[in-house]
Structure formats: C-alpha cells, structure tokens
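Please read it alongside the sequence and coordinates.

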Amino acid sequence: MATLTLAGAISSSTAAAKSHRFPAAKKPRCTRQIIQCAAILERRDCMDSCSSFKEMRNAACGLLAAWALTAASPVLAASQRLPPLSTESNRCERAFVGNTIGQANGVYDKPLDLRFCDYTNEKSNLKGKSLAAALMSNAKFDGADMSEVVMSKAYAVGASFKGVDFSNAVIDRVNFEKANLQGAVFKNTVLSGSTFDNAELQDAVFEDTIIGYIDLQKLCTNSTISEEGRAELGCR
C-alpha cells in the first residue's frame with residue numbers, strides 16, 4: 001500500500017501546474033489602435049502648439065528687446081529719434097504745469113517739449129514741478145529755482161542751467177551732455193543714472209548729494225568739477 005506524504009503531494013501539484021499552461025490573454029486590437037491614434041493626435045497638437053508658442057516667443061522677444069533698449073538706455077533712445085519741435089504756441093508755458101503722470105518712469109500722455117525755451121531767473125513757476133521725460137535741449141534755465149523738481153528721463157543736451165537751484169530735486173536718468181551747469185546747486189539732490197559727458201560743472205555744489213557708487217565714479221571723471229565739489233562728492 002503506497003503512502004502519500006505531504007511533500008509528495010506538494011511536489012505533484014507543482015509539477016501539474018507547470019505542465020498546464022494557460023493561454024496568454026490577447027490585447028484587443030481596437031484598444032491599441034485607439035491609443036496609437038490618440039498619441040498621433042496628441043503629437044500633432046503639441047507640434048501645432050509648439051509652433052504657435054515659438055511665434056509668440058519670437059514676437060515677445062522682439063518687444064522685450066525694444067523695451068530694454070528704451071528702458072535701460074533712455075539717453076541713447078532719445079538721441080536716436082527725437083520728435084519734431086512742437087508747434088504749440090504755449091509749449092514753453094507747459095513747464096509751469098508739468099507732467100501730471102509718470103513722474104518716476106517718464107511716462108506721459110503728451111510730450112513736454114521745452115527745447116529752445118528761455119526760463120532765465122524764473123523763481124516761482126518751476127519749483128516742485130514734474131518735468132519727467134521733458135525735452136530740454138538748448139533751453140535756458142539760468143538762475144531759475146528748480147528745487148524739488150522731478151526730472152526723470154529728461155533730455156537736456158546742450159541746455160544751460162547756470163546757477164540753478166536743484167535742491168531736494170530728483171534728477172534721475174537725465175542726459176546733461178554738453179550742458180552748462182556752472183554754479184548749479186545739487187544740495188540733497190538725487191542724481192541717479194544721469195550722465196554729464198562734456199558738461200560744464202565749475203563751482204557746482206554737491207552738498208549731501210544722493211548718488212550711487214557707479215554713477216559717482218562716472219561723475220568724478222568730469223575734470224571741470226572744482227576741488228571743493230570733488231570733496232563734497234567724495235571723489236578719489
């Protein structure tokens with residue numbers, strides 16, 4: 001009489017299971033085709049969207065480049081393209097009102113064209129005004145009181161500011177190239193990002209002037225600044 005042990009039973013069951021192979025389940029062809037079609041459509045949509053994105057990106061880069069040229073180098077942009085001289089009969093008097101918007105960033109609803117205007121010894125109508133983005137080239141401000149004015153991004157190439165009081169003013173990113181600033185007073189004045197290439201700065205006062213290190217180094221290269229002015233600025 002044969003005896004069936006537990007180990008033998010397990011071994012026999014395992015062998016039987018190995019000898020019996022179940023057929024592999026087949027994936028439906030329709031499902032595979034649907035997936036392939038979906039992948040193709042998705043890839044096409046991606047290519048279309050990528051092309052659109054590239055076009056939008058190129059356009060945006062162009063706009064950003066133009067904006068960067070104007071924002072980072074307002075002086076360069078102004079020198080390349082200045083608008084024609086305004087024909088308004090009261091264009092010089094508009095300085096007494098100034099710009100009502102865009103004090104810090106130079107945005108304006110209408111250009112403030114003060115070119116060739118004469119404000120010699122003007123003591124009351126310019127004080128505290130916003131002259132942001134004003135076109136001042138070849139204008140005369142000699143002896144005027146321009147304390148507390150805001151002159152962000154103004155273009156003052158060749159203008160005359162002899163003896164002008166700029167106390168407590170904001171002179172931000174102004175182009176003073178070839179301007180006459182002899183005896184001008186910059187007491188407690190913000191002088192950020194402004195350029196003074198070939199400007200006349202004899203006897204200019206820089207008491208408590210607020211200016212960044214890089215701007216200071218550039219300003220100190222102007223040889224017309226007096227020894228007292230250089231000491232006030234801290235030129236080395």
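The chain has 5 helices and 2 strands, where helices (H or I, at least four residues) and strands (E, at least two) are DSSP runs numbered from the N terminus. Along the sequence, these elements follow the pattern α-α-α-β-β-α-α. The model is predicted: local features need pLDDT of at least 70, side-chain atom pairs count only at pLDDT 80 or more, and totals for chains, interfaces and linings use all residues. Residues are numbered from 1 along each chain as its sequence is written, and side-chain values use heavy atoms, with hydrogens and water left out.

Of the 236 residues in the chain, 33% are buried. In this report, buried means under 20% relative accessible area, exposed means over 50%, and partly exposed lies in between (1.4 Å probe, protein chains only). Accessible areas come from the Shrake-Rupley method, and for residues only the protein chains shown count as cover.

**Salt bridges**

Side chains of opposite charge can pair when their charged atoms come close. The structure holds 3 salt bridges, a salt bridge being a side-chain nitrogen of Lys or Arg within 4 Å of a carboxyl oxygen of Asp or Glu. They are listed below.

| Pair | N to O distance |
|---|---|
| Arg-91 and Asp-113 | 3.9 Å |
| Asp-113 and Arg-115 | 2.8 Å |
| Arg-173 and Asp-172 | 2.6 Å |

Salt bridges that share partners join Arg-91, Asp-113 and Arg-115 into one network. In the salt bridge between Arg-91 and Asp-113, the pair links distant parts of the chain: both residues lie in the loop between α3 and β1, 22 residues apart. Arg-91 and Asp-113 are both buried. Asp-113 counts as buried because its relative accessibility is 4%, and Arg-115 counts as buried because its relative accessibility is 7%.

Asp-172, with a relative accessible area of 12%, is buried.

**The loop between α3 and β1**

Helix α3 spans residues 74-80, and the loop between α3 and β1 contains Ala-133. Ala-133 has a positive phi of about 60 degrees although it is not a glycine. Most residues other than glycine have a negative phi. Ala-133 counts as buried because its relative accessibility is 13%.

Ala-144 lies in the loop between α3 and β1 as well. With a relative accessible area of 2%, Ala-144 is buried. Its C-alpha atom is separated by 8.5 Å from that of Lys-162, a residue 18 positions away along the chain.

Asn-175 is found in the loop between β1 (170-172) and β2 (190-192). Why is Asn-175 classed as buried? Its relative accessible area is 2%, so Asn-175 falls into the buried class. The side chain of Asn-175 is joined to that of Thr-195 by a polar contact of 3.4 Å. A polar contact is a pair of N or O atoms within 3.5 Å; within protein, one must be able to donate a hydrogen and the other to accept it, and residues adjacent in sequence count only if both atoms are side-chain atoms.

Asp-215 lies in helix α4. Asp-215 is buried, with a relative accessible area of 19%. The C-alpha atoms of Asp-215 and Ser-194 are 7.4 Å apart in space, while the two residues are 21 residues apart in sequence.

**Negative surface patch**

Asp-203, Glu-207, Asp-208, Glu-228 and Glu-232 form a negative surface patch. Patches are made of residues with over 30% relative accessible area and no salt bridge; like charges are joined within 9 Å, and nonpolar side chains (Val, Leu, Ile, Met, Phe, Trp, Tyr) within 5 Å. Lys and Arg count as positive and Asp and Glu as negative, whereas His and the chain ends are not counted. The place of a charge is taken as NZ of Lys, CZ of Arg, CG of Asp or CD of Glu.

Asp-208, one of the patch residues, lies in the loop between β2 and α4 (213-219). Asp-208 has a positive phi of about 60 degrees although it is not a glycine. Because its relative accessibility is 52%, Asp-208 counts as exposed. Glu-232 lies in helix α5, which covers residues 227-233. With a relative accessible area of 31%, Glu-232 is partly exposed.

Definitions and conventions. Accessible areas come from the Shrake-Rupley method with a 1.4 Å probe; for residues, only the protein chains shown count as cover.
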